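Subject: A structure for you to look at

Hi there,

Here is the structure I promised to pass on. Have a look around first, then read on for my notes.

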Amino acid sequence: MGGSFLVVAVELLVAVLLATTIGYCALLNRRLSRLRADEAALKAMVVELVQASEAAERTVAEYRRTAAECDSDLAAKLKDAQHFSRFLTHEIDRGEAVLLRLARLGEMVRARRAAAAAARDEAEKEEGVARGRSSEAAHVHPVQEEAEPVSRGRGFAPELPEDEAHDMRVAA
């Protein structure tokens, strides 16, 4: 009996080891199943990551193209703005020159009018004195004179002597 007990003990040990192995295999099978499920989820995540990466690359390429277009548009508009700025500066300079000429002409007109008025006042004084003498002597009524027009030509400025008119044309 001693021999059979040993055989039974070995068989019992083999059965326990076999049951433990089967249990361990079942546990590994469940873990592998979860790993396979996680692998599918991981593959789906990798696919989504690749798609997102490709979309990002397309977006970056589109942004670069848009930036290049904006840069060229901005350069063209800047060039136009600089041209317009030079044009305006030129026109302002021309306007200032015209304004200066008009100011000089106005000063000349005022000076001539003042001189003409002074001369007219002086002539009237002399004429008044002369009339007073002649009316006392001849007992005649004073004769009214026609006033000389202040402006001739265009109606707002006296006509300039030829040398001053030539100087004005040369200055223009």
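Below is what turned up in it.

Please keep in mind that this is a predicted model. The protein has 2 helices and 0 strands. Of its 172 residues, 4% count as buried.

Let's start with the cysteines. The structure holds 0 disulfides. C25 is partly exposed, because its relative accessibility is 43%, and C70 is also partly exposed, at 46%.

Next, the charged side chains. In general, side chains of opposite charge can pair when their charged atoms come close. How many salt bridges does a search of the whole structure find? There are 4. One of them joins K43 and E39, with the closest N and O atoms 3.7 Å apart. These two residues sit 4 residues apart in helix 1, about one turn of the helix. K43 is exposed, at 52% relative accessible area, while E39 is partly exposed, at 40%.

E69 and R65 form another salt bridge, at 2.4 Å from N to O, and they too lie 4 residues apart in helix 1. E91 and R94 pair at 3.3 Å; they are 3 residues apart in helix 1. Salt bridges with shared partners also link E62, R65 and E69 into one network.

Finally, look for a nonpolar surface patch of about 360 Å², made by L42, M45, V46 and V50. M45 lies in helix 1, which covers residues 2-138, and M45 is exposed, with 52% relative accessible area.

Enjoy exploring!

Conventions
Residues are numbered from 1 along each chain as its sequence is written. This is a predicted model: local features need pLDDT of at least 70, side-chain atom pairs count only at pLDDT 80 or more; totals for chains, interfaces and linings use all residues. Side-chain values use heavy atoms; hydrogens and water are left out. Buried means under 20% relative accessible area, exposed over 50%, partly exposed in between (1.4 Å probe, protein chains only). A disulfide is a pair of cysteine sulfur atoms within 2.5 Å. Patches are made of residues with over 30% relative accessible area and no salt bridge: like charges are joined within 9 Å, nonpolar side chains (Val, Leu, Ile, Met, Phe, Trp, Tyr) within 5 Å. Accessible areas come from the Shrake-Rupley method with a 1.4 Å probe; for residues, only the protein chains shown count as cover. A salt bridge is a side-chain nitrogen of Lys or Arg within 4 Å of a carboxyl oxygen of Asp or Glu.
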